[in-house]
Amino acid sequence: MTSRLVRWTGVFVAVVGLLAVSVVDRGVETEDQRIQRLHDSYACPVCDGQSVADSNASVAEAIRTFIEVEVVAGASDDQIRDDILAAWPGSLLNPPGEGFAALVWVLPVVVAVVGAVGVAFVVGRRVEATTVSSADRDLVEAARRGTER
Amino acid sequence: MTGPETPPGSPHDDLAVAPGCGGSARKAALAVGAVLLGLVIVLGIAVSSREDSAGDSGSALLGQRVPEVTGQDVITGARFDIQQTRGQWLVVNFFGTWCPGCLVEHPELVSFERWADSSDVQMLSLVVNEPGERAAAFFAEEGGNWHVVPDGRASIDFAVAQLPETFVVRPDGTVVAHFRGSVTEAQLRSVIPVP
Amino acid sequence: MYSVIGLAAAVVGLSGSVLGVLGGAYALTTSRLHLLRTVRTWAWIVSATGVVMCVVMLRALAVRDFTVDYVQQVGSPNTPTLYNIAALWSSLEGSLLLWILVLGGFTAAMLVKFRDRHDDALFGWALVVMLGVSAFFYALVAGPANPFTAVDIPVGFEPRGPNPLLQNHVLVAFHPPMLYLGYVGFTVPFAFATAALITGRLGEGWLIETRRWTVVAYGFLTGGILLGAWWSYEVLGWGGYWAWDPVENASLLPWLTGTAYLHSVMVQERRGMLRVWNLALVCSTFCLTVLGTFITRSGVIDSVHAFSDGPIGAWFLGLFGVVTFGSIGLIAWRGDQLRSPGSIDSPLSREASFLANNLLFGAMAFVVLLGTVFPLLAELWDGSRLTIGSPYFDSMAKPLGLLMLFLMAAAPILPWRKASGEVLSDRLFWPAVLGVVAMVVALVYGGRGWAPVLAFGLGGFAGGSALRQVVLATRRHGWRGFVGRTNGGMIVHIGVVLVAVGLVAADAYKVDRTVSLEVGETATVNGHTFTYLGGDGDQNSRRIRIWADIQIDGEDVYQPATTLYREQGVVVPTPSVRPGFSEDLFLVTDAVQEPGQPVRLRVVIRPMVTWIWTGGMLMFAGTVLAVFPGRRRRGTEPVSVVSSELAEQATPA
């Protein structure tokens, strides 16, 4: 038992340590990475939901250039977002977390929690399962009568 | 992988039935059904309204103040500020030499310019997605003598989707007309009252 | 002439389906089972007319008979033979013919496979359901989406040929048929599930009948989706393979519920539990294929891949409503007979882990469905325009995917009923070590960020666990350790791990740059040099192609091209990819008028993309192995057999 404990403690420590390294050693986002991330987060307004990064429509190129220029000029993500949304409402590929659109973030969490509670209920029901209610006995009895007939 | 690792199933001496499963199945089915009914209704409305919404919604800029545009004129090298044109009618044209529709409309703009010069109408071309030199060379070859400025952030502020697009601005700075696709001299003149 | 034959076949098929449904329902409800013979005849005729229609259309395409409406849409004398055949499914109406062909094929296969049980009511009802679905598609082809309509050739008619994107890569010939085999294949389990609900024979019988059919459909759907991603990567030139586009999501939805079903069905076979749930999963998988078809063909949701808007969106919505509310009604009706004879004894058991699997896949399916239709909801709610794209789906898929990988590691080694801590500890230790090694390797090769590194670790963990099972099985049973559902399933798991690791790396460490180059210039992106050597072009009656010669790292030359298709007047970029074990270099250029002009070169560097395709092939191979019968195993527990027999006897057949 103790050797198991030692082994798994080793695995656990290794995982936590490696994850810590992966986070700490990450460094800050470079300008290029930031531009790429912003390109990926807007929809090209005329190409059926393709992202600005992926589309070769002229408006996508204009928005790409705009983002590059603004990033180099030191604009914040929020400023860039406000400018683009002023021209192209709804072009953010990540729906906002407020108003009606917040539902798209909240509902999956609600469903997952309800599902998890349901699964926990099913798994935890084992004690009751051995006790058969009178309604169940009636059902079985009815089924048996059906068999005999 | 199930072979020896699996303990043999313990025999049940009676039909042990977990309670709650049957009745709750019915309730769950009804609940899911209600949600899906909503989905079908939404999709149905979407199908039936699809034809209506196909039309052009027009630019949100109409009736609004024209966005700020500044930049260096690629032909004269002078600094351009849209404020300089306040008090005059202004035609703002988005173009690129790579855009076929822009090449089609250019002669129309050139002939409109002749009328515009005599009518105190300013013209501005904003160069989209290409170096200013190429635009300058194009104007030198194809004619046209008006402000030509790199678009900077203007195509974002004007929400330009597909070149060419043209806006007409009243002397007080209000956007009064918007054309998608190649524009003609007649179309432009129809918007601007004869002085 | 082709119009007449085609339409006649469609009408015969429609009448056959309708008569088969009516006759079958009459025979079954009045217990005149001998009448089912005619239903079988109709089913054979309906399958045959599907073949006739496809052959007629292929022939009309081959001889370029432009008096047939569909040939006028997609035919052209200049299309090469392969793409002329693929033109059958390149547009809306023709794709329905392929659908009918595949559905007829599955119907015929059912007739052959169950030839000994032709008088069985369960099979009878399943056949009725198949014919009912056929009737719907035949009605479309005979009515609103008739590809055979005879038309005059307009003056000055110029044939256009298929969409250019559907005639420049050989995968076009394989991706749609494979996807349809998957989509349509799920009709069979749905038909049997419905039949079980109608007849009240809700024991494990229908499950065992359709188990292999489901695996076949699942394998084709998996292959179809991955081929689609591959095609998108090689052809579309936008630098990726999956964009969470509505049409892509539509194919993913049935895959997710199908995956959930393939796992939870084992709990029912083994323990007789989760009956309602399994029926619901089978039905929802089929309903989601219909919903997906609706999304692809109605144009309600903007998508790059959508078929041109047709008038038949409302038809598919109607079918979706009928099958959805029909299934729900049947399940609610039979709900009281679906009680479970047993319970889950421990959260540390195989059955509990399958429940957790179902929870994760169900949640994922919900996220994908919600994200796809939410823009419609928002527009109805307050008229707001909303786009939901990759960032949303990625951030939702991230936690679910990590949990799935963890479960994939733990579940296969869990015994049924109850596991002890010691068993878990012993079986999971070496897989866990492999996971740690994977994390170390990822870090050494420059992987950073907790989520990708954790994904690599969990991938190693899950892969180790699947490998352990395969090794044990082969050690115990020799080559038979690769065959059968359980062992094949483990091969699929290894494939999934490769796909997952590839997806994570290719997305998290993507580098995307656009550079402008004149001839002779060199650009450096991420340590690779790209030299523009020049360019050239060629042309034929169909297209003008211009390519740029790009030398990578001073070695091989790659030729990203742009092609102008004359008939459609469309320019299509064709990327050039240098694949590699550790990274792919993806090159695409913008259109130029003349070879050798300055180009704008987009370079997308994605690590480990080839792992995705390798994993995909392994997944397909695993499903093939899973179809073959494995080692003989114990059947379901006596209790569930008893209960199903009781149920069957209690209900008048």
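Helices (H or I, at least four residues) and strands (E, at least two) are taken here as DSSP runs and are numbered from the N terminus. The structure is a predicted model, in which local features need pLDDT of at least 70 and side-chain atom pairs count only at pLDDT 80 or more, whereas totals for chains, interfaces and linings use all residues. Residues are numbered from 1 along each chain as its sequence is written, and chains are lettered from A and ligands numbered from 1 in the order in which they are written.

Chain A contains 7 helices and 0 strands, and its pattern along the sequence reads α-α-α-α-α-α-α. Of the 149 residues in chain A, 28% are buried, a residue being buried if 20 or more other C-beta atoms lie within 10 Å of its own, exposed if 12 or fewer, and partly exposed in between, with C-beta atoms placed from the backbone.

Helix 15 (residues 421-444) of chain C, with 24 residues, reaches 33 Å from its first C-alpha to its last, close to the 34 Å expected at 1.5 Å a residue. A bend of about 40° occurs in helix 15 of chain C at Phe429(C), and Pro431(C) follows within four residues. Pro431(C), which is placed in helix 15 of chain C, counts as buried because it has 22 C-beta neighbours inside 10 Å; the C-alpha atoms of Pro431(C) and Leu458(C), 27 residues apart along the chain, are separated by 9.4 Å. The buried residues of helix 15 of chain C also include Arg427(C), Leu428(C) and Met439(C).

Two helix pairs of chain C were examined for packing. The axes of helix 1 (residues 2-29) and helix 2 (residues 36-62) of chain C come within 8 Å and cross at roughly 160°, where axes are lines fitted to C-alpha atoms, for helices over the stretch in contact, and angles run from 0 to 180 degrees between N-to-C directions. Helix 1 of chain C is therefore roughly antiparallel to helix 2 of chain C, given that angles under 35 degrees count as roughly parallel, over 145 as roughly antiparallel, 65 to 115 as roughly perpendicular and the rest as oblique. Helix 1 of chain C passes helix 2 of chain C in a left-handed crossing, a term used if the near helix is turned anticlockwise from the far one by less than a right angle, with right-handed used if clockwise. For helix 6 (residues 121-142) and helix 8 (residues 187-199) of chain C, the axes come within 8 Å and cross at roughly 130°, so that helix 6 of chain C is oblique to helix 8 of chain C. The crossing of helix 6 and helix 8 of chain C is right-handed.

Notes: The expected span of a helix is 1.5 Å times one less than its number of residues. The bend at a residue is the angle between axes fitted to the seven residues ending there and the seven starting there.
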